[in-house]
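Please look through the sequence and the three-dimensional view shown below before reading on.

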Amino acid sequence: MKGLLRGRALQAVSLALLPALLCAPALRAANPTSGTVSGSTTQASWTGGPLTPTAASTCGGPSNPQCDNYKLTITPPSYSFQVKITLTLQPTDDYDLEIYGPDGSLVGNSGNAVGQAETVILTNPPAGTYTVSASPYAPLQGYQGSAKLSQIQPPPPASTETPPTYANYTPPDGMGTGAGEPSIGVNRDTGKVMYIAGLQTLRVTFNDCSSPATAKWEDVSAPLTSTTSLDPILYTDPKIGRTYVSQLLGTTSLMAYTDDDGANWNPSQGGGIASGVDHQTLGAGPFAPGPVKLASSYPHIVYYCSQDIAAAQCATSLDGGRTFGPAVPIYNLTQCSGIHGHVKVGPDGTAYVPNRSCGSSQGVAVSHDNGLTWSVKTIPGSSSSAWDPSVGIATDGTVYFGYMNGDGKAFVAVSHDEGETWTNIQDVGRTFGLQNIAFPAMVAGDPQRAAFAFLGTTVSGDAGGEDPNFPAVWHLYVAHTYDGGATWVTVDATPNDPVQRGTICSGGTLCGGTRNLLDFIDATVDAQGRVLVGYADGCVGGCVNGGPNSGTDLATIARETSGKGLFAAYDLPVSSPAAPYVQASAAGGTVHVTWSTPDDHGTPIIGYRISRRPDGGVAEQIAGVSSDVHSYDDTPPAGTTWGYSVKAVNAQGEGPACSEAVPVMAPPANLTCTAPGALLITDPTGDSQVPALDVQSLSVAEPPGGNIVFTLKVASLSSFTPGNAWMILWNRPVPDATYDRNYVVMRATGLGTVAFKYGKLSPPNVNQATDLGNAVGSFSADGTITITMTPAQADNVAVGQDLGAMEVRAFAVNVSGQPSSQTSSVDHTSSATYTRRGTAACGGQ
């Protein structure tokens with residue numbers, strides 16, 4: 001239920017009235033039917049509706065009589081321009097907007113939730129008469145339509161700053177595999193990074209001996225909260241070091257906090273009285289002046305904000321998050337939509353909650369009195385969009401507002417007066433030609449420095465839908481400013497590894513299989529000013545090189561490795577390079593040494609020097625290579641252990657070496673030749689009170705003969721109940737609109753008797769299980785289940801193709817034809833991807 005009330009899910013309010021509305025006669029006023037915008041007549045406005053509700057989000061063309069079809073003639077001026085077309089709605093109404101070009105083709109559309117304005121921006125459209133069609137999804141009243149032509153200002157000059165670089169880190173197998181909409185924080189005193197992935201709280205320790213750093217991941221989940229959730233959220237107060245984790249539970253949450261980076265956890269009340277039911281957010285910071293501060297017992301005020309259908313509320317804690325007071329509304333549906341972004345607190349105690357739809361603009365709710373009262377500020381020229389915006393607050397209170405504009409592009413606005421006015425509003429994705437973005441995440445440091453992270457694609461169109469053929473390739477981008485937002489330098493933080501292929505569905509729980517990443521990513525900054533971005537990777541295995549999207553949600557951190565950070569005090573002088581990260585493996589008497597490209601500290605690297613040291617001896621240089629070489633093969637004398645180190649060289653001199661790499665033997669190619677094979681998923685013991693339904697692990701093997709063997713381990717099968725079922729599911733190698741998930745299952749058919757089946761889930765948003773045939777399997781009392789199937793029973797999955805988003809669900813009762821969702825299961829695991837290896841390494845095909 002992540003993001004329960006996002007997008008179309010909000011429309012239950014209006015749809016509840018739909019039967020009565022459909023029986024009522026349509027009331028049509030004599031509304032204007034045409035208008036013109038040009039260089040001399042820059043605005044047109046009209047009134048539309050009311051119309052009979054149709055529950056249809058599309059008119060299907062420019063002449064549908066059930067829609068309002070306003071004819072807008074556009075006469076292009078002599079300069080570059082845009083036309084912003086907006087439908088402003090009543091809080092209870094839902095219209096959708098489509099723009100058809102002079103030739104009748106669809107050129108733009110908008111489908112927001114109840115009460116939210118619908119906006120389409122046309123950039124330099126050709127001359128002609130366009131049809132502005134209002135589709136009456138579920139309205140009660142009429143709407144106000146407007147079209148405004150404005151000049152596109154020339155872009156600001158490009159930044160002259162050196163682009164920073166990023167390294168990406170993922171946890172070891174079995175950890176962080178259910179990481180949709182993650183949160184990330186950093187304790188600036190200890191340097192520990194905290195990351196929440198579903199029910200799992202992870203602690204990451206970075207070792208900066210080498211560049212990029214190495215990372216150690218640890219599971220430090222709070223037993224008080226890691227049981228159930230509708231939404232996960234984590235916040236680390238960077239100044240104090242306290243980390244909070246919250247798992248949504250209706251109008252409150254299961255919450256705990258730690259002062260030692262997860263070693264110990266303390267219980268919290270979980271939220272304010274009468275808080276909202278969805279999309280909670282946590283934040284903390286200094287108190288604003290006033291009597292609330294005098295009543296506190298903790299140096300920082302803590303905010304818990306969440307949304308309802310028609311409003312949003314924030315509650316505050318004066319004792320460090322142990323208890324919370326009553327929730328206070330921060331706006332109502334006449335001001336902004338219910339769903340919002342993450343709360344942030346400035347150095348003077350001003351609190352900010354951003355919102356993607358405040359009228360026809362984007363805005364932010366602001367409190368100057370410790371959450372007692374709130375006011376809404378909007379960003380001029382912005383238009384409402386599909387994804388929550390984000391704010392970052394600098395050390396002097398400068399506010400950076402990062403958002404996806406209504407045209408899909410990545411924008412930032414800057415305020416120096418707590419949101420009263422905004423400046424430096426610009427598209428920061430234009431250097432890459434980005435046409436659609438998702439998941440804005442903004443952070444700031446020194447007054448002139450900020451960073452804006454987001455997923456982006458160069459493909460235009462409806463990137464938030466579920467078109468299985470949508471050709472987008474998404475990467476993680478981070479835009480940095482070092483001059484207060486006047487200029488930005490934007491980098492692709494995942495240049496060789498997409499984060500997603502296809503669409504990123506913005507329709508909330510009404511989405512099918514393209515919502516694996518859920519609703520947001522997060523960003524933070526460490527004590528040295530490095531930017532860290534927490535995101536979920538939806539493209540692993542064969543997807544990386546062009547295969548179908550894997551549909552995964554793997555915990556990943558992008559960490560800044562070079563360039564200026566957000567605190568100028570830690571800018572490095574020009575010097576010799578940092579130490580590379582070195583690895584070594586051995587096979588057949590040859591040692592293969594590889595290394596990373598380290599931070600060059602301001603001067604290009606010109607080469608690398610490789611050294612070798614015998615156990616107990618002294619290192620000596622054995623080779624030198626040019627800067628474009630990152631590997632070296634050595635045949636050392638036998639009879640001793642050798643350590644290898646690499647130093648980078650630039651015009652400033654030779655850099656240091658980090659710790660030596662001692663060669664290790666490569667893993668055997670025949671790992672999966674014998675069951676149980678490769679361990680793919682682990683799951684905590686005890687998260688189900690029924691041993692037979694307490695999933696522990698899943699392994700996959702491909703022994704000679706070509707079959708696929710799944711080995712599932714539960715706590716015990718010494719007894720089980722008829723109706724129990726154990727299902728292993730994965731994404732089809734090539735999904736289509738009919739269904740996108742395969743499964744194998746063991747079902748308990750009687751006392752001690754079982755049946756093994758393979759099948760499919762269809763359609764995706766229903767998760768209805770349909771058995772297709774028999775599989776072969778066995779089980780034992782110790783909880784081991786073995787199921788064997790042929791590749792043909794898995795849609796003819798080929799060697800090199802992925803069984804993506806694989807997971808296990810255990811059910812108290814499950815039969816063919818019954819919904820088999822996670823929410824109906826007693827226990828379910830995180831997801832992982834298995835790439836079919838084949839049996840070549842096993843001596844067979």
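## Terms and basis

Helices and strands are DSSP runs numbered from the N terminus, where a helix is H or I over at least four residues and a strand is E over at least two. The model is predicted, and for this reason local features need a pLDDT of at least 70 and side-chain atom pairs count only at pLDDT 80 or more, while totals for chains, interfaces and linings use all residues. Residues are numbered from 1 along each chain as its sequence is written, and side-chain values use heavy atoms, with hydrogens and water left out.

Most residues other than glycine have a negative phi, and most peptide bonds are trans.

Asp 261 is not a glycine either, yet has a positive phi of about 55°; its place is in the loop between strand S17 (252-258) and strand S18 (266-267). Are these residues buried or exposed, or something in between? Buried means under 20% relative accessible area, exposed means over 50%, and partly exposed lies in between, as found with a 1.4 Å probe and protein chains only. Ala 55 counts as partly exposed at 35% relative accessibility, whereas Asp 261 is buried at 6%.

## A four-stranded sheet

An open sheet of four strands runs in the order S27-S28-S29-S30 with antiparallel pairing, where two strands are said to pair if DSSP finds at least two bridges between them. Strand S27 (390-393) and strand S30 (423-427) stand at the edges with a single partner strand each, so one side of each is left without a neighbour in the sheet. From one strand to the next the twist averages 15°, an angle taken between lines fitted to C-alpha atoms, in N-to-C directions and on a scale from 0 to 180 degrees.

S27 and strand S28 (residues 399-404) are joined in the antiparallel sense over four bridges, and Val 391 has Phe 401 in S28 as its bridge partner. Phe 401 is also linked by ring pairs with Tyr 403, Phe 411 and Trp 422 into a cluster.

## An enclosed strand

Why can strand S38 (residues 554-562) be called largely enclosed by the rest of the structure? Nine of its nine residues are buried, and therefore the description applies.

S38 has antiparallel partners, including strand S10 (residues 165-169), with five bridges, and strand S37 (residues 531-537), with six bridges.

## Aromatic rings and charges

The whole structure contains 19 aromatic pairs. Rings of Phe, Tyr and Trp (its six-membered ring) pair if their centres lie within 6.5 Å, and planes under 30 degrees apart count as stacked, over 60 as edge-to-face and the rest as tilted. The rings of Phe 720 and Phe 779 have centres 5.5 Å apart and planes at 80°, so this pair is edge-to-face. The two residues are 59 apart and link distant parts of the chain, with Phe 720 in the loop between strand S49 (708-714) and strand S50 (725-731) and Phe 779 in strand S54 (residues 776-779). Phe 720 is buried at 12% relative accessible area, while Phe 779 is partly exposed at 29%.

A charge sits over a ring if NZ of Lys or CZ of Arg is within 6 Å of the ring centre and within 35 degrees of the ring normal. The charged end of Arg 559 is placed in this way over the ring of Phe 206, 4.3 Å from its centre, and Lys 564 lies over the face of Tyr 482, at 5.9 Å from the ring centre.
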